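Colleague: I have a chain to look at and some questions about how it is put together. Could you show it to me first?

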Amino acid sequence: MKAVVLYGPNDFRLEEREIPKPGRGEVLCRVKACAICGSDPKVIAGKWKWTRYPMIPGHEWTGVVEEVGEGVDEFSPGDRVSVEPHKGCGTCFQCATGNYTLCENYGRPEKGHMHIGFTSDGGYAEYCKVPAQCLHPMPPGISFEEGTIITTAGTSLHALERVGIYAGDSVAVYGPGPIGIMAAQIAKALGAGKVIAVGTRGSRLEMAKSLGADHVINSKSEDPVKGILELTDGRGADVGVEASGSPLAAKQLLESVRKNGRIALIGFFSEEVSLNLNRAVVDGIRIVGSRAEGMRACARAMDLLARGLIRGRPLITHQFPLSEFPRALETAVKRLGDAMKVVVKP
Ligand SMILES: [Zn+2]
Ligand SMILES: [Zn+2]
């Protein structure tokens, strides 16, 4: 099979590999589409300290079951599936309480932990072998390309479930990238009232608006805190979502929510952030961090997508064959042509 194999920081090669054989509890899939995630360039640059070389990256993929290993009766050859990249060890405190994305044995394959495309072979290949629990059935109405958005959607949904969305909530989302736009759509699907997207790129704010944000604020030209207060009767948003990874956005978000408001942090920050936490103390703000697509959120995100309550296809701005992986990566990293989601097809 053809695969993009990572041999070290920024040393990836398109080469021929043996098709893996599924062992007990494993499923071999023919990969149909794999989206480039914001974390892929970090993995490829060698900034994920748990990566063991050589490894095939790629963790947002969909495909068709080719062969099942011993003991697998959940899937059959021909099934359409999407992947969930985290597989916890299954035995630590976090896994035993269902929080497998927080597995205490992260990066220890000898304990049964796996993070597909980060610590074990992923989807920039014609085939990928994964434990059966890392797959979700994909309904026929969802295309392979659109289905790649499920891990992103699961990440946003998990964060919103952790912070809690109530009917009619006003929700301010900072960072209208794939995760932020998904958070805006999902908030709406969960019954939120006014959704306000804040960002610095006009094209991304436009997309947020076309996919359900009621208001958009360009924080380059407008003070987002002032804008959000004006849109919420001077009170502040009920819920704030940080999906930009920008320290400035985090500071602004803390000022954008109402007293007794809630904040979900989903974006990875590029540097340490200093915040006026007295705002949180004095005004009773609940701040919730959330990592990845825990608690089987991908399955519920799939349901929202299948019922047309959220949309993934508009986020996919570019598609490349696997043979053009370097160009696909460059397009995603440099956001060439206003790239949002770039999908690679083996
Ligand atoms: Zn991802
Ligand atoms: Zn664990």
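Colleague: How many Å separate the centres of domain 1 and domain 2?

Modeller: This is a predicted model. Its chain is divided into domain 1, covering 2–149 + 312–345, and domain 2, covering 162–289. Taken over C-alpha atoms, the centres of domain 1 and domain 2 are separated by 29 Å.

Colleague: How many residues of domain 2 are in contact with domain 1?

Modeller: Contact here means C-beta atoms within 7 Å. Domain 1 brings five residues to the contact, and domain 2 brings six.

Colleague: By class, which residues are on the side of domain 1 that touches domain 2?

Modeller: That side of domain 1 has no polar residues. What it has is two charged and three nonpolar.

Colleague: Which residue is the bridge partner of Leu28 in β4?

Modeller: Strand β3 (residues 26–36) and strand β4 (residues 60–68) run antiparallel, joined by eight bridges. In β4, Leu28 is partnered by Glu67.

Colleague: Why is one side of β12 and of β15 left without a neighbour in the sheet?

Modeller: The open sheet has six strands, paired in parallel, in the order β12-β11-β10-β13-β14-β15. β12 (215–218) and β15 (286–289) stand at its edges, so each has a single partner strand.

Colleague: Which residue in β13 does Tyr174 stand opposite?

Modeller: Strand β10 (residues 171–174) runs parallel to strand β13 (residues 237–242), and four bridges join them. In β13, the residue opposite Tyr174 is Glu242.

Colleague: What angle does the direction of helix α5 make with that of β11?

Modeller: Helix α5 (residues 178–189) packs on the sheet and touches β10, β11 (195–199) and β13. Its direction and that of β11 make an angle of about 175°.

Notes: Residues are numbered from 1 along each chain as its sequence is written. Chains are lettered from A and ligands numbered from 1 in the order in which they are written. This is a predicted model: local features need pLDDT of at least 70, side-chain atom pairs count only at pLDDT 80 or more; totals for chains, interfaces and linings use all residues. Domain bounds come from an automatic or database domain assignment. Two residues are in contact if their C-beta atoms, placed from the backbone, lie within 7 Å. Ala, Val, Leu, Ile, Met, Phe, Trp, Tyr, Cys and Pro count as nonpolar, Asp, Glu, Lys and Arg as charged, and the others, Gly among them, as polar. Two strands pair if DSSP finds at least two bridges between them. Helices (H or I, at least four residues) and strands (E, at least two) are DSSP runs, numbered from the N terminus. Axes are lines fitted to C-alpha atoms, for helices over the stretch in contact, and angles run from 0 to 180 degrees between N-to-C directions.
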